[in-house]
Amino acid sequence: MKALFLTREYPPHVYGGAGVHVEYLAAELAELMEVEVRSFGDQDQREGSIRVQGYPFKRGTYQRVDPKLSGALETLETNLLTLADPVDADIVHCHTWYSHFAGILAKMSYGIPLVVTTHSLEPLRPWKREQLGRGYDLSSWVERTALDMADAIIAVSRETKDDVVRLFDVDPGKVRVIYNGIRISQYRPVEETSALEKHGVDPSRPYVLFVGRITRQKGIIHLVNAIPHIAPEAQVVLLAGAPDTPEIAEEMERRVTEVRQQHENVIWVQEMLDKPSVIQMYTHAAVFCCPSIYEPFGIINLEAMACRTA
């Protein structure tokens, strides 16, 4: 048997939990069968039973339309690109709305079963309209259509399953809960502190840690607004990048600047760190903070726990 994964994220181009999920799932599933991964990117690799092929996400293709809408249209076009090569899989499994359109077309074009993993749900992310404009209606339509056509739906938590059944006209019998997971042989406490020192974090002083994207969903602005209430001797380390919109990026920049006038120990790392560096950051933090306003599961919490951080 062969499974085809469709995903926006796959290493080395990972910016959120879905990319982590697909990486681990592909590795485990490859112990049982052949796995082909088609993602947004430039990957071209084969390792054991896993074949990974990237397809370029071409920004700026639709320059004459609203910039917010163009992102959604470019996503759909990239979905078409992922089907430019023939499909010889027995099942197609797609992750996040960014790949659902290709999953729909693969099911229709090749007559293979469609599995959808719900990492989050568009009806519960109304702030996406700020990022996508009318493209939010497109993303919602694609998601709804994919869930309606899916032969099986995987929810990453019990509450997510309840949300799927409540918000979509799907048979509850085809929805299964399979929790997210990480490889705890990778995420474990380490002694090394080179990543902390590189980014200006004092290993001898306690710090509060945030890891995530700059988006409404992750609630980082709420944490930044709370920083003046954190003990001044504590450091606050924000591993936060990939802002959803220029407006959110500007808001974040402004608030961090303002807060630093009240709490000087704020360290903001905007680049995406590699896994060993993030593990160091988790390990030595006094406490990890997940201020999300919507978090269907939260792989970051598993990562922190595996590193034995509160």
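Which residue just after helix 11 takes a positive phi? In this predicted model, that residue is Arg 308, whose phi is about 60°.

- An open sheet is built from 8 strands, which follow the order 3-4-2-1-5-6-7-8 with mixed pairing.
- Strand 3 (44–47) and strand 8 (175–177) stand at the edges, and because each has a single partner strand, one side of each is left without a neighbour in the sheet.
- From one strand to the next, the twist averages 20°.
- Strand 5 (residues 91–95) runs parallel to its partner, strand 6 (residues 114–118), and the two pair over 4 bridges; Val 92, for example, has Leu 114 of strand 6 as its bridge partner.

**Helices packed on the sheet**
- Helix 2 (residues 67–82) packs on the sheet, where it touches strand 1 (2–7), strand 2 (34–40) and strand 4 (50–55), and its direction makes about 145° with that of strand 2.
- Helix 5 (residues 135–149) also packs on the sheet, touching strand 6 and strand 7 (152–155), and its direction makes about 130° with that of strand 6.

**Helix 11 and its buried face**
- Within helix 11 (residues 299–306), the residues Ile 299, Ile 300, Glu 303, Ala 304 and Ala 306 are buried.
- Viewed down the axis of helix 11, these buried residues fall within an arc of 165°, so they line one face of the helix.
- In an α-helix there are 3.6 residues a turn, so residues three or four places apart point the same way.
- The cover over the buried residues of helix 11 includes helix 1 (17–29), strand 9 (207–213), helix 10 (275–284) and strand 12 (287–288).

Note on methods:
Residues are numbered from 1 along each chain as its sequence is written. This is a predicted model: local features need pLDDT of at least 70, side-chain atom pairs count only at pLDDT 80 or more; totals for chains, interfaces and linings use all residues. Side-chain values use heavy atoms; hydrogens and water are left out. Two strands pair if DSSP finds at least two bridges between them. Axes are lines fitted to C-alpha atoms, for helices over the stretch in contact, and angles run from 0 to 180 degrees between N-to-C directions. Contact means heavy atoms within 4.5 Å. Buried means under 20% relative accessible area, exposed over 50%, partly exposed in between (1.4 Å probe, protein chains only). The arc is that of the directions from the helix axis to the C-beta atoms.
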